[in-house]
Structures are given as C-alpha cells and as structure tokens.
Amino acid sequence: MQAWQVHENGEPSEVMRLQEVERPTPGDGQVLLKVRAANVNFPDVLMCRGQYQVRPPLPFTPGVEICGETEDGRRVIANPVLPYGGFAEYAVADAAALLPAPDALDDAETAALHIGYQTGWFGLHRRAALQAGETLLVHAAAGGVGSAAVQLGKAAGATVIGVVGGAGKAAVARELGCDVVIDRRAEDVVGAVKAATGGRGADVIYDPVGGEAYTQSAKTVAFEGRIVVVGFASGTIPSPALNHALVKNYSIMGLHWGLYATKNPKLILDCHQRLTELAAEGAIKPLVSERVPLAEAAAAVQRLGDGVTTGRVTVLPNGAGA
C-alpha cells in the first residue's frame, strides 16, 4: 500500500515521504481499516516537527483522525494508532474506540467531525457551561477548530463573535453564522469586542491560538466569564496574570480532550451521539474547504502549518468521499 512516512523531524513538506510499504498488522484489540478520508489536524504538523506531546517512533505515518471502512463494510470514525496513521491507504485503530459514521455526512465531513467538534463540545458545554443568550468569542473562527466552535455555539443559542485574520477568512466566518466578525489584521480586536458587547465583554472565549489572542481574551472577558484554552497554534504559550483573573472575576480553564478517553470514555460516546443528532438536524456540518488526493497530503499538512487554510482539509487516499 501507499503511505506517507516521516523519517526525521522538520517541516511537513520536507520530511513527509510517500512510500510503498506493507499493510500494517493489527495487534490485540485492534482492527485494520481502509481509509476513506483522513482529516488534517494541527497535531500532524507538530508531530512532523517533533513538537507534539506524543512522539511516535520514527518512521511513522501521520494522520490522527479518519473516516474508515471495516472489513464488513461499515463506515466508522477512528483515531488511528500511531505509527500507522491515516495518511495511507490503510490504518490501524483500537476496535473498542470506533464510532459509527453519521449518515448525514459524507466521508470527508465525517473525518472532520471527531476531534474538533468533540473538543468544541467539551470546551463549550462541559467546561464553560455555555448558556443560550450568552456571548461566545471564538479566535481563529474560520479554521478547523474554530469553525466547529462557531457552529456549536450557534446551535446552543449563543451570540457568536468570530476573530479571524484577513478578508477571505472573514467571509468564511460570516458564512459559518458568526453574528459579528472581527478581522484582527484590520481592526483593534479589544475595541471591536467591547463595541459589539456594549462594553461588557464576552461570557465565554474559545482560544485555540494562545499568544496575542490570549492577551486579547483577558482584556475582553466579561464579569464571571470563562476563557477556555484549547491550544497554542500561534506557537506562543501565554503566562496568565492570575491577579488579573482575581480582580476581574473570570475563570481560566484548560481542555485536553484526549484525557477523556482514559478518564471517562463514556462521555465521548455521549458527545458523539449528540453530535450525530446535530448533524442530522443540519445544525452542524464540518466545513471541508479542500479534498485532496493522497499524493498531495504533505502539501496540505504544510498549508495548515503555515496558517493559510480555512475550515478543514481532507485527504482521500482511495478516491472515496467526494
């Protein structure tokens, strides 16, 4: 089979190589899946660079989120077990962790439903307890993680403010349903948020960016607001001023979605059921901006790492999911 492999760490376009390899052999409790679609995630970029908290042995195949097909023809959602990731014709996954693919979504959309939407659901509902009528601010609102949070926020009845970088991404954020869109390259984010909220600020802030975005969050969070830290796509990990959180009465909460797989896996199943229902209702639908063949996977991962993508980029190794 064909698979992309990383033999040394560096930029994805430089270290990912498309090779002919043997199909992986599943271990105990694992299954071999035909990859129908593999979603590109920021952890794929970080693993290529050797900067992710999980460092699979070299060589490895990136691709942490797929829509796969079982031997008996079922479509499933899976997180492949590294080093046999999803940017290949076949991948290996834990049988107990497979989730049924929603009938309402095609293969590419299904591959993009899992990590970003589960992270959004846990962040907004379990951690921040977002309520209907509250204001939600989403950084990088046109990206893969941000776009999921926007849709989930609207489905929850929140007023959603989306922060993006550039006019093109602003247009995407409007199409996603943001009530207010702020282009950080053309506007003062803090002033724009205060203007949009009558000076009150946002009740919940969803931050997958870190760096300057977190600084803006601390300046625009409302009384008793909640800042949900879900990642550091900017490359800069902020150091919050806890005295500021004290005097303004707001909460800073982290979300590592992967922990639920070991700490409370039933919650992941419950969340998937709710996401499936929302997809059937048409309330959420992953924004798949690009569907690329297997040969273009390295370039797709690099574009995500360079911050020039919108929504989700999905690799179709076997030509399925169009």
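In this predicted model, Val 229 sits across from Gly 254 in strand S13.

Zooming out, S12 and S13 are part of an open sheet of 6 strands, laid out in the order S10-S9-S8-S11-S12-S13 with parallel pairing. The edges go to strand S10 (180-183) and strand S13 (251-254); each has a single partner strand, so one side of each is left without a neighbour in the sheet. From one strand to the next, the twist averages 20 degrees.

Two helices turn up around S10. Helix H6 (residues 167-176) packs on the sheet and touches strand S9 (159-164) as well as S10, with its direction at about 165 degrees to that of S10. Helix H7 (residues 189-196) lies across strand S8 (135-139), S9 and S10, and runs at about 165 degrees to S10.

Things look antiparallel in another part of the chain, starting with strand S3 (residues 30-39), which pairs with strand S4 (residues 66-69) in that sense over 4 bridges. Here Lys 34 has Glu 69 in S4 as its bridge partner. S4 also pairs with strand S5 (residues 75-78), again in the antiparallel sense and over 4 bridges, and Ile 66 stands opposite Ala 78 in S5. S4 and S5 make up a hairpin with 5 residues between them. In the turn of that hairpin, Gly 73 has a positive phi of about 90 degrees. Whether parallel or antiparallel, strands of a sheet pair through backbone hydrogen bonds.

Technical notes:
Residues numbered from 1 in each chain as written. Predicted model: local features only at pLDDT ≥ 70, side-chain atom pairs only at ≥ 80, totals over all residues. Heavy atoms only, no water. Pairing = 2+ DSSP bridges. Axes fitted to C-alpha atoms, helices over the stretch in contact; angles between N-to-C directions. Contact = heavy atoms within 4.5 Å.
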